[in-house]
Amino acid sequence: MFKHRAVGLAIAVAVFLVPAIWSQEAAKPQESTTSVAPAVVEITPKTLDVHVGQKVKFSAAAKDAAGNPIEAKPSVWFAAPFDLAGADESGEVTFHAAGVVTVGAVIAGKTGYAKVNVGTSKITTLEIESLARPIIAGSAERLTAIARTPNGESRSDAAIKWASDKPAIATVDAAGLVTGVAPGSVIIKATSDEAAAKVTVQVVRDAVRKLSIKPATAEARTGDVVHFAAADSGKEPPVRWSVTGSGAAIYPDGAFIAEKAGAYVITASSGQHSASASAVVRPRNVEREVEVVSHVPMPDVMMSEEWIIGHHAYLSTIADKLFVYDIADPANPKLLDTLKVDARLINDISTTPDEKIGVFTREGASNRKNGIVFLDTSDPSHLKVLSEYTSTVSGGVHSAYIDSHYVYLTDDATGSLRIIDFQDAKHPKEVARFQVENPTVVTLNTEMGSMSSGRYLHDLQVKDGIAYLAYWRDGLVILDVGNGMAGGSPENPKLISQYHFNHYELYGDGWLAGTHSVFRYKNYLFVGDEVFPAIFNLEDRDRIPVRAICHVMDISDIKHPKEVAQYEAPEGGSHNFWAANDMLYEGYYSGGARVLDISGELRGDLYRQGREIARFWTGDSKGFRPNLPFTWGGQPCSVTCDTPELNGLMYFNDIHSGLWITKLGAPKFQGSTSAPPVRKTEQTIH
């Protein structure tokens, strides 16, 4: 979470996104190496087509208004988005992922640019999803093949060729649709580039006599999952499901879900037989009003993280200050203490469950020793620094997570996970390190020291001995850090699984995008992206467009996570969130604060299903960007508050406008089924 900045540039990469590649000196006024101000800086080559993994050496030349060369060297080289490419101090750029990259150089305050088109990688592996049941002769089922690049990303645009080794048993077409011809076993093969995979498909005769469906009819709300089952004399034959009516879908396992209210007909087909059932779907109608209890503005700084525990609110800033408020009377928060530190950004702040020790992260310190700081928070009105840990994370720490007497933190410089034991809080020590291995990762030499380019760990959560890591372009990584399923411990993390997202396919060119945040709830893991323009300035007053999906992963089989649902509001972008009480409390940047109904089984598009309980506009006329919300995150008081009168409060922190203390009000629809009641849940540290 660093900002890259240079004199004369009206651009900067967001402080809450990127590891520092440009030094602090690059952000200060620089003495020109020439008495003539350049009129233009020309980058060579100006345009270029490359492939992932390729390295290119660029050169820069400054010229005056007459076109005469000026003897001066670049003070800064950069490549944006940073997750697609990285530039070292000599102008050599390494390209990590597909998309359009801007390469730039600064000479005497003037910037020149080049555009590079980075082509997609070849397919190196194929994975075919096996059919759950045999195919009945005369019917058909479609196989799905996932094509992956060397770094594990899937490519939906890959050309896949299909073939059957026994067309007399089953044929397969260009879409992977397998049609059963006669009973038997057949091998279906898929190829793409140099990758190949095969799967065995069983074809059985049509032995169905009379097909029936249970339930014969069902009532549901939008977003509810209804499971239909087909049977023949008590047995479950292989069937294909379909649904009539727009606004609903049925999955291969018979799970039906609707986004729109209405009546639907569900049909199961098996060979020459079919049966139908119906579903009547009514609107979900869970919307409720939001009441503002109080507002804590931040007139002089931009706010970053919040940590609500007991009667206290710890608030960090995109600056060098940390605040603590007494919120025992939520309508009248009172400032208890302010701590000033050497940092350009205090990103993450949290405490132990007993609120005796606090930890915050630093980025952009003037002495280049960032890392984390341990606090004595036993008396929040008098914060005391216990110690600092910087020795292996001086390049900056974006996020930190406390579990027992360990802090799990992100190392900006190397893109690795570091685990710090603070049993002796005055003498913390590193006990483990973990990082994903990616073939495109390189080490760049910068004025800040050595930096890894192509690998970035952004956020994490630890629950029940399992660490969930938001690893930007490397996706979701799950580690055993004491659960035992993979023999891991805090001192020896072990990989359980990894799930890749293809952010280029999700968002296209011109965006800085990656896996940003994680939160475990029940058998689901909420995984949020963060998506910003490739280049922008966080400190100007212009509106910053944002996007981002919140992915819902089913981790019932934690070794094989699968995406089952998504939440994406069109007017904003996902950032931080917290799940409790069958609700997801989310900061949705320019979309404001959101509260989502996550009760029951989750599948499909949660936004279109009407699962939003509440929306709150956190814009303020006196905010950093007036009347524009930029909501960072949400947290329910019921998770960390033990006072009954505080239960049900919701805290939302906004970069522009500060802290909002709110609560849910009355349902918007008379007689509607409102959100689940607020109840006490186990404490979770995030």
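**Reading strands, cores and rings in a predicted model**

Trainee: How many bridges join strand 41 to strand 42, and in which direction do the two strands run?

Mentor: Strand 41 (residues 406–411) and strand 42 (residues 416–421) run antiparallel and are joined by six bridges. Strands (E, at least two residues) are DSSP runs, as are helices (H or I, at least four), and they are numbered from the N terminus; two strands pair if DSSP finds at least two bridges between them. Residues are numbered from 1 along each chain as its sequence is written, and side-chain values use heavy atoms, with hydrogens and water left out.

Trainee: In what order do the four strands of the open sheet lie, and which are the edge strands?

Mentor: The order is 40-41-42-43, with antiparallel pairing. Strand 40 (397–403) and strand 43 (429–434) are the edges, since each pairs on one side only. From one strand to the next the twist averages 25°; axes here are lines fitted to C-alpha atoms (for helices over the stretch in contact), with angles from 0 to 180 degrees between N-to-C directions.

Trainee: Which residue in the hairpin of strand 6 and strand 7 takes a positive phi?

Mentor: Gly-67 does, with phi near 90°, in a hairpin that has five residues between the strands. Strand 6 and strand 7 (residues 69–70) run antiparallel and share two bridges, and Ala-62 has Ile-70 as its bridge partner in strand 7. Strand 6 (residues 59–63) is also joined by five bridges to strand 3 (residues 40–44), again antiparallel. There, Glu-42 is partnered by Ala-61 of strand 6.

Trainee: Which residues touch the most other members of the largest nonpolar core?

Mentor: In soluble globular proteins, nonpolar side chains tend to be buried together. A nonpolar core is a set of buried Ala, Val, Leu, Ile, Met, Phe, Trp, Tyr and Cys residues joined through side-chain atoms within 4.5 Å. Buried means under 20% relative accessible area, exposed over 50%, and partly exposed in between (1.4 Å probe, protein chains only). The largest core here has 46 residues, of which Phe-360 and Phe-526 touch the most other members. Strand 54 (residues 577–580) gives the most to this core, with four residues. Apart from it lies another core of 23 residues, including Ala-62, Ile-70, Leu-84 and Val-103.

Trainee: With which residues is Phe-360 in contact, leaving aside its neighbours within four places in sequence?

Mentor: Contact means heavy atoms within 4.5 Å. Among the contacts of Phe-360 beyond four places in sequence are Leu-322, Leu-339, Val-341, Ile-346, Gly-371 and Leu-375.

Trainee: Is Thr-662 buried or exposed?

Mentor: Thr-662 is buried, because its relative accessible area is 0%. Thr-662 belongs to strand 61 (residues 658–667). Leaving aside neighbours within four places in sequence, its contacts include Val-290, Val-292, Phe-616, Leu-649 and Phe-652.

Trainee: How many aromatic pairs does the count come to?

Mentor: A pair of aromatic rings is described by the distance of the centres and the angle of the planes. Rings of Phe, Tyr and Trp (its six-membered ring) pair if their centres lie within 6.5 Å; planes under 30 degrees apart count as stacked, over 60 as edge-to-face and the rest as tilted. By this rule there are 17 aromatic pairs. Phe-82 and Trp-472 are stacked, because their centres are 6.2 Å apart and their planes lie at 25°. These two residues are 390 residues apart, Phe-82 in the loop between strand 8 (76–80) and strand 9 (85–87), Trp-472 in the loop between strand 47 (466–470) and strand 48 (476–480). Both Phe-82 and Trp-472 are buried. By contrast, Tyr-567 and Tyr-607 form a tilted pair, at 6.3 Å centre to centre and 50° between the planes. Tyr-567 counts as buried at 1% relative accessibility, whereas Tyr-607 is partly exposed at 30%.

Trainee: Over which ring does the charged end of Arg-547 sit?

Mentor: A charge sits over a ring if NZ of Lys or CZ of Arg is within 6 Å of the ring centre and within 35 degrees of the ring normal. The charged end of Arg-547 sits over the ring of Trp-511, 5.2 Å from its centre. Arg-603 lies over the face of Tyr-251, at 4.7 Å from the ring centre.

Methods: This is a predicted model: local features need pLDDT of at least 70, side-chain atom pairs count only at pLDDT 80 or more; totals for chains, interfaces and linings use all residues.
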